[in-house]
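User: I would like to go through some labels used for this model and the criteria behind them. Please set each value against its cut-off.

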Amino acid sequence: MPIHADDDSLSRLLELQLEDSEITRLEDRRASLPEAARLAEMNEQLEELGADIATATKNQDGFASDQSKAEGEMEILDQKIAKEEARMYGGGVSNPKELSALQAEIEMLKRKRGVLEDQVLEAMVHKDDYAATAERLTAERDGLQTEANSLSATVNEISSDIDAELLKHRTKRSEVAATLTDELRDLYEKLREQKHGVGAAALEGGTCQGCHTQLPAREVERLKAERGLQRCDNCRRILVIV
Ligand SMILES: [Zn+2]
């Protein structure tokens with residue numbers, strides 16, 4: 001059964017199509033905001049920086065603990081050396097063999113102390129390096145975080161603007177859709193689903209705006225004379241003569 005549609009309902013159908021196209025455009029825009037993509041990138045960078053800072057801090061702590069361990073051992077050695085030196089120079093030991101053994105013992109302790117001292121210095125250098133790295137990365141992260149916060153506010157602002165626009169167009173769409181007959185609306189929805197979101201197109205200057213095909217002059221004449229519900233011969237969309 002052919003669907004009957006007068007000029008007025010067809011022009012409202014075209015209006016519905018405009019609203020639907022605008023809604024799709026806004027939804028696509030909202031889903032693909034370059035600012036949101038940049039923000040996601042930033043958040044990823046922030047996560048990486050956080051992990052790098054944690055690693056640097058862990059290494060810094062590790063070397064700090066190496067340093068204090070070596071310093072502790074040095075302190076014990078210092079006490080031993082002081083004790084042995086006191087024995088050596090205290091006059092209590094006079095046996096030359098014992099004195100030279102004592103001397104050798106003190107030298108051995110001092111060599112050990114030297115090794116520990118090197119370890120302390122080395123640990124300090126590494127500790128400072130990692131501390132500097134952690135500090136640099138933290139500054140970098142803080143800067144990026146500030147940038148991300150501001151970008152996030154921008155994304156929210158753009159998104160809520162789009163949402164407000166969407167609400168306006170969805171409301172308008174419902175109003176227009178409610179004025180159409182079920183059969184016209186159903187046909188339109190079916191076509192829209194099949195034809196990339198465009199179910200109705202205007203015939204402007206003899207060209208279907210759905211498939212951008214110039215229709216033969218005779219066909220245009222026929223469509224204009226017949227009016228009513230017409231379909232594009234080429235794309236089969238509902239053709240609205242404007
Ligand atoms: Zn067409």
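User: Are cysteine 208 and cysteine 232 buried or exposed?

Analyst: Cysteine 208 and cysteine 232 are both buried. Buried means under 20% relative accessible area, exposed over 50%, and partly exposed in between, with a 1.4 Å probe and protein chains only. This is a predicted model, in which local features need pLDDT of at least 70 and side-chain atom pairs pLDDT 80 or more, while totals for chains, interfaces and linings use all residues. Residues are numbered from 1 along each chain as its sequence is written, and side-chain values use heavy atoms, without hydrogens and water.

User: Which residues coordinate the zinc ion?

Analyst: Cys208, Cys211, Cys232 and Cys235 do, each through SG, at 2.3 Å. Donors are N, O and S atoms within 2.8 Å of the metal (3.2 Å for Na, K and Ca); water is not among the atoms, so sites may look incomplete.

User: What makes the arrangement around the zinc ion tetrahedral?

Analyst: Four donors count as tetrahedral if all angles lie between 85 and 135 degrees. Here the four donor atoms subtend angles of 106 to 114°, so the arrangement is tetrahedral.

User: Why is α3 called oblique to α4?

Analyst: Helix α3 (residues 96-178) and helix α4 (residues 182-194) pack at about 130°, with axes 11 Å apart. Helices are DSSP runs of H or I with at least four residues, and strands are runs of E with at least two, numbered from the N terminus. Axes are lines fitted to C-alpha atoms over the stretch in contact, and angles run from 0 to 180 degrees between N-to-C directions. Angles under 35 degrees count as roughly parallel, over 145 as roughly antiparallel, 65 to 115 as roughly perpendicular and the rest as oblique. The angle therefore makes α3 oblique to α4.

User: How do you know that leucine 191 is buried?

Analyst: Leucine 191, in helix α4, has a relative accessible area of 2%, so it is buried. Leaving aside neighbours within four places in sequence, leucine 191 is in contact (heavy atoms within 4.5 Å) with residues including Arg236 and Ile238.

User: What is the phi of histidine 196, and of arginine 236?

Analyst: Histidine 196 has a positive phi of about 50°, and arginine 236 has one near 70°. Most residues other than glycine have a negative phi.

How values were computed: Four donors count as tetrahedral if all angles lie between 85 and 135 degrees; four count as square planar and six as octahedral if opposite donors are over 155 degrees apart and all others between 65 and 115; anything else is irregular.
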